[in-house]
Amino acid sequence: MTEQALKARGVRRTFEADLAPVRALRGVDLDVADGEFVALMGPSGCGKSTLLNIFAGLDQADEGEVMVDGLRVDGQDENWLAKFRRHHVGIVFQFFNLLEGVSALDNIALPAILGGMRRKAAETRARDLLDLLGLGDRTEEVPSVLSGGQRQRLAIARALVNEPAVLLADEPTGALDSEGGVEILELFRRLHGDGQTILMVTHSAEVAAGASRVVRMRDGRILDDDGGVARVEADDAVMVEDARP
């Protein structure tokens, strides 16, 4: 039986706003198996980034069950979640979130050191990742002198340094030109080929096509899933649709 790297059941999330509450997630069910590369696709505001943040422990569901790498994530306190993020998930953001005044090597090594790795081992791991991602000659460069594609590769290396069970990527090609976007998708496919589990959020059908499975969202619900059956929970009922061709 295939193990589930990510599991969401009945996940709801509402944000308070000035005019009216925003119902970002309206009862989402989703499974991502170990080793899958899944694209979570939909228009802006559909809830896809909110779901990713809940899997990452950066936000909390109002209702529902959230499991990552066999661990129950919902309802945990921030100290637990901080440790969880260091050891179980790697997160890649659209705008890189790198330490701008710090070398490429230290951008990768510091999260490993915070995770408990000795400095020498962390630096060795960082150099290995820089070589793997084609940045081996940029170890002492700061992010500001790198291209957009190079900065995103650096961000991916940082996300991988603690060997996470799941790589979570929020619009990883959104700040890149078309050439940089192709470069990152090729890298993700290579990582997936090596067994890395990836959940990637995107609004682009072209980018989503690079994944091995596409899940489409709209208005806080999953509409269809090209890997099988899509579940859409209405306010008072659950509708099951077979999304397979």
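Which backbone nitrogen does the side chain of Q150 reach?

## Q150 in helix α5

The model is predicted. In it, the side chain of Q150 reaches the backbone nitrogen of S147 at 2.9 Å. Q150 lies in helix α5, which spans residues 148–160.

Is Q150 buried or exposed? Its relative accessibility is 15%, and the cut-off for buried is under 20%, so Q150 counts as buried. Leaving aside residues up to four places away in sequence, Q150 touches L135, R138 and E183.

## Packing of α3 against α5

Two packed helices are described by the angle between their axes and the distance between the axes. For α3 and α5, the angle is about 25° and the axes are 8 Å apart. Angles under 35 degrees count as roughly parallel, and α3 is therefore roughly parallel to α5. The crossing of α3 and α5 is right-handed.

On the α3 side, the contact is made by A104, N107, I108 and P111; on the α5 side, by L154, A157 and R158. By class, the residues of the contact of α3 with α5 are five nonpolar, one polar and one charged.

## Packing of α3 against α4

Helix α3 covers residues 104–114 and helix α4 covers residues 119–132. At what angle do α3 and α4 pack? The angle is about 130°, and the axes of α3 and α4 are 8 Å apart. The two helices are therefore oblique to each other. The crossing of α3 and α4 is right-handed.

The α3 residues in this contact are A104, L105, D106, I108, A109, L110, A112 and I113, and they meet R119, A122, E123, A126, R127, L129 and L130 of α4. The residues of the contact of α3 with α4 comprise eleven nonpolar and four charged, with no polar ones.

Which residues does E123 touch, not counting residues up to four places away in sequence? They are L105, D106 and A109.

E123 and A109 are 14 residues apart in sequence, while their C-alpha atoms are 5.4 Å apart in space. The relative accessibility of E123 is 23%, so E123 counts as partly exposed. Q150, at 15%, counts as buried.

Technical notes: Residues are numbered from 1 along each chain as its sequence is written. This is a predicted model: local features need pLDDT of at least 70, side-chain atom pairs count only at pLDDT 80 or more; totals for chains, interfaces and linings use all residues. Side-chain values use heavy atoms; hydrogens and water are left out. Axes are lines fitted to C-alpha atoms, for helices over the stretch in contact, and angles run from 0 to 180 degrees between N-to-C directions. Helices (H or I, at least four residues) and strands (E, at least two) are DSSP runs, numbered from the N terminus. Angles under 35 degrees count as roughly parallel, over 145 as roughly antiparallel, 65 to 115 as roughly perpendicular and the rest as oblique. A crossing is left-handed if the near helix is turned anticlockwise from the far one by less than a right angle, and right-handed if clockwise. Contact means heavy atoms within 4.5 Å. Ala, Val, Leu, Ile, Met, Phe, Trp, Tyr, Cys and Pro count as nonpolar, Asp, Glu, Lys and Arg as charged, and the others, Gly among them, as polar. Buried means under 20% relative accessible area, exposed over 50%, partly exposed in between (1.4 Å probe, protein chains only). A polar contact is a pair of N or O atoms within 3.5 Å; within protein, one must be able to donate a hydrogen and the other to accept it, and residues adjacent in sequence count only if both atoms are side-chain atoms.
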